[in-house]
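Here is a walk through one protein structure. It begins with an open space in the protein and then turns to the parts around it.

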Amino acid sequence: MFVLGIDPGLSRCGYAVLEPAPRGQAIARALGVIRTSPDTPTPLRLAELQLELRALIAEFGPKVVSVERIFFQNNVRTAVGVAQASGLAIAEAVASGATVAEYSPNEVKSVVAGDGRADKEQVQTMVQTLLGLAARPKPADAADAAALALCHLAFDPGLRSLTGAGLGAHL
């Protein structure tokens, strides 16, 4: 049983596949970034991202896909690409039969780092610690995706009952 975390983006879409483990821990089964070239037309980039997400979901068959809720700041162009990538991830998840959970950046940072204002380095360090990784996951998009999956594992009572105390005890 897996949880897939997605940090949506059109140029860089972070992903992390986590498996709940006993005593509220988790094991990273896959962690990385799907990249598309800014030199490629947007429709082709979206199609490429969709195929990669579909393959990832087909390979691992996650029960839940945890996606970052869109947070709009100042850059409209970036926000549109993120929204498009998020929509693809959500649609692919639902089409596969997975449940979709959305979390805000502040919720994720609060759960994983203990502070909703944590910076990228703090999140990377906590993801490294919580998953027992040899090094901080890079780029930050991959760490953010892992943090999204960890956040869901901390909140989902059904998953906690499968693995013991739940990640909340460790976060």
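The largest pocket in this predicted model has a volume of about 1100 Å³. Its lining is made up of 36 residues, and those closest to the centre of the pocket are Pro 8, Glu 68, Phe 71, Thr 78 and Val 82. H2 gives the most, with seven residues. By residue type, the lining of the largest pocket holds 15 nonpolar, 11 polar and 10 charged residues.

The pocket can now be placed in the fold. The protein has six helices and five strands. Their order along the sequence is β-β-β-α-β-α-β-α-α-α-α. Taking the contacts in the protein with a separation of 6 or more, 59% are between residues 24 or more positions apart.

Next comes the interior. The protein has 171 residues, and 48% of them are buried. Which residues touch the most other members of the largest nonpolar core? They are Leu 18, Val 108, Val 112, Val 127, Leu 131 and Leu 150, out of 24 residues in that core. At least two residues of this core come from each of strand S2 (12–21), strand S5 (99–103), H3, H4 and H5. H5 supplies the largest share of the core, nine residues.

Setting aside neighbours within four places in sequence, Val 127 is in contact with Val 112, Leu 133, Pro 137, Ala 143, Ala 146, Ala 147 and Leu 150. Two of these partners, Val 112 and Leu 150, are themselves named among the core residues that touch the most other members.

There is also a second, separate core of 22 residues. Among its members are Val 17, Leu 56, Leu 88 and Ala 89.

One detail of the backbone remains. Where does Pro 139 lie? Pro 139 is in the loop between H4 and H5. The peptide bond that joins Lys 138 and Pro 139 is cis, with omega at about 0 degrees.

The protein exposes about 8300 Å². Carbon and sulfur atoms supply 52% of that area.

Note on methods: Residues are numbered from 1 along each chain as its sequence is written. This is a predicted model: local features need pLDDT of at least 70, side-chain atom pairs count only at pLDDT 80 or more; totals for chains, interfaces and linings use all residues. Side-chain values use heavy atoms; hydrogens and water are left out. Helices (H or I, at least four residues) and strands (E, at least two) are DSSP runs, numbered from the N terminus. Buried means under 20% relative accessible area, exposed over 50%, partly exposed in between (1.4 Å probe, protein chains only). Contact means heavy atoms within 4.5 Å. Accessible areas come from the Shrake-Rupley method with a 1.4 Å probe; for residues, only the protein chains shown count as cover. On a 1 Å grid over the protein atoms alone, a cavity is a set of points where a 1.4 Å probe fits but cannot get out, and a pocket is an open set with protein on both sides within 12 Å along at least five of seven lines; lining residues have an atom within 4 Å of a point. Grid points are joined across faces, edges and corners, and a volume is the space filled by probe spheres set on the points. Ala, Val, Leu, Ile, Met, Phe, Trp, Tyr, Cys and Pro count as nonpolar, Asp, Glu, Lys and Arg as charged, and the others, Gly among them, as polar. A nonpolar core is a set of buried Ala, Val, Leu, Ile, Met, Phe, Trp, Tyr and Cys residues joined through side-chain atoms within 4.5 Å.
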